[in-house]
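I opened this entry to keep track of what I looked up. The notes follow the order in which I went through the model.

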Amino acid sequence: MFSARTGWNLAANRLSSLRAAKRLGGARVLDLTETNPTRVGIAYPPDLLAPLADPGSLRYEPAPRGLAAAREAVADDYRRRGATTDPARIVLTSSTSEAYAWLFKLLCDPGDAVLVPRPSYPLFDFLARLESVDTHPYPLTYDGEWHLSPEAVARAITPRTRALVLVSPNNPTGSYVKRAEGEALLALCAERGLAVVADEVFADYAFAPDPRRRPSLAEDGPALAFSLGGLSKSCGLPQLKLAWIAVAGPESLRRPALERLEVVADTYLSVSTPVQRAAAAVLARRPELQGPIAERVSANRDALRRRLDRGSAASMLRGEGGWSAVLQVPATESEEDLVTRLLEEHDVLVHPGYFFDFPREAYLVLSLLPPPPEFAQAVDRILGVL
């Protein structure tokens, strides 16, 4: 009765079952998988949502690419980051997940493939499968810092490959695409007839400046490229459901891509009028919204480093940005056994590396968003176990 696209194994795994049992039993679990900024005690300005009450939102005037004022606000935000893009090249969506779905519809037929980084967030497989598209991994390698090899990407290309997904900074490694890497990948994709989809949702959360980084792929280059962003991360507002696609590349590819993307957007018209009318006002408050999140991430990352520096069997891999930390831990037991034991015996919930498709064990991925006292307590328990 159901399509093969939804043929997932829906049985709960060990960790999920134990987590449900802990919560049912009233245990206070220290959750280092929490990445929702609205659930970690960060205060938001009480008047932040006032622009959603704009009376103009009572009038419905659908615009497939999005209201002009909202697209202009997004273009202004790109300029702040050092990338120039025309509002006419921006298409609004309700989320970056929806942006991926639209782009996979635009670029791929059933059975085609997109290249995705490994390790990275596991959502790509679900999004692609729902569009009857395959995912093929290309590796990010680590030797004290993370690297993206154009040669490795080239080896992963098949005759059915249609696009390359870049995440800058990557989740959870925190590695940014560098200028030289970006130029080489754009040249490779232009040569092979591939599009580039650049997920830049965490771009503002760098731990330190680095002139080697490419600020965005929203500017024209030799390949068709799509830059993704949204309020969920840039303003810490996942509940407002506004994201965007900025289209770049040669005019001969960019123009038909925008025309076709507009038809996709017009078919769904998924972005609400109130959030579009509020977009400029919300984005104008980006500094005060990002500030507490960045401070929380920095404080927890510093606390983690101090604890590791006291002497530990674990080490933190070097990241450049984002909301996560990656710990390499002794492979004396499987990641699944370790994270299960941490939850069962110590009431600490943490992601295993295999959740993000790390190619080998053993790694733990920690969210840097939880309240500092809870984060410190959870880290002490983890390091005590190790």
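I started at F126, which sits in helix α4 (residues 123-130). The model is a predicted one. I looked up the cover on F126 and found a relative accessible area of 41%, so I noted F126 as partly exposed. I then checked its surroundings on the surface: F126 belongs to a nonpolar patch with Y121, L123, Y354 and F355. Together these residues have about 450 Å² of accessible area.

**Strands β3, β4 and β5**

Next I went through the strand pairing. Strand β3 (residues 113-118) runs parallel to strand β4 (residues 134-142), with six bridges between them. I looked up P117 and found Y138 in β4 as its bridge partner. On β4 I also found an antiparallel pairing with strand β5 (residues 146-148), over three bridges. There L140 stands opposite L148 of β5. The two strands β4 and β5 make a hairpin with three residues between them. In that turn I noted G144, with a positive phi of about 110°.

**N170**

N170 lies in the loop between β6 (161-167) and α6 (179-192). Its side chain makes a polar contact with the side chain of T173, at 2.9 Å. Setting aside neighbours within four places in sequence, I listed P117, P119, S120, L140 and S175 as the contacts of N170.

**Salt bridges**

My count of salt bridges came to 33. I wrote down R14 and E336, whose side chains form one at 3.9 Å, N to O. R14 is in helix α1 (residues 14-24) and E336 in helix α11 (residues 335-346), so this pair ties together parts 322 residues apart in sequence. R14 is partly exposed at 42% relative accessibility, and E336 is partly exposed at 28%.

I then looked at D54 and R277, which form a salt bridge with the closest N and O atoms 3.2 Å apart. D54 is in the loop between β1 (30-31) and α2 (68-80), R277 is in helix α9 (residues 273-284), and the two are 223 residues apart. D54 is partly exposed at 27%, as is R277 at 35%.

E251 and R255 form a salt bridge at 3.4 Å, N to O. Both lie in helix α8 (residues 251-268), four residues apart, or about one turn of the helix. Last, I noted a salt-bridge network that links D77, R80, D204 and R286.

How values were computed
Residues are numbered from 1 along each chain as its sequence is written. This is a predicted model: local features need pLDDT of at least 70, side-chain atom pairs count only at pLDDT 80 or more; totals for chains, interfaces and linings use all residues. Side-chain values use heavy atoms; hydrogens and water are left out. Patches are made of residues with over 30% relative accessible area and no salt bridge: like charges are joined within 9 Å, nonpolar side chains (Val, Leu, Ile, Met, Phe, Trp, Tyr) within 5 Å. Accessible areas come from the Shrake-Rupley method with a 1.4 Å probe; for residues, only the protein chains shown count as cover. A salt bridge is a side-chain nitrogen of Lys or Arg within 4 Å of a carboxyl oxygen of Asp or Glu. Buried means under 20% relative accessible area, exposed over 50%, partly exposed in between (1.4 Å probe, protein chains only). Two strands pair if DSSP finds at least two bridges between them. A polar contact is a pair of N or O atoms within 3.5 Å; within protein, one must be able to donate a hydrogen and the other to accept it, and residues adjacent in sequence count only if both atoms are side-chain atoms. Contact means heavy atoms within 4.5 Å.
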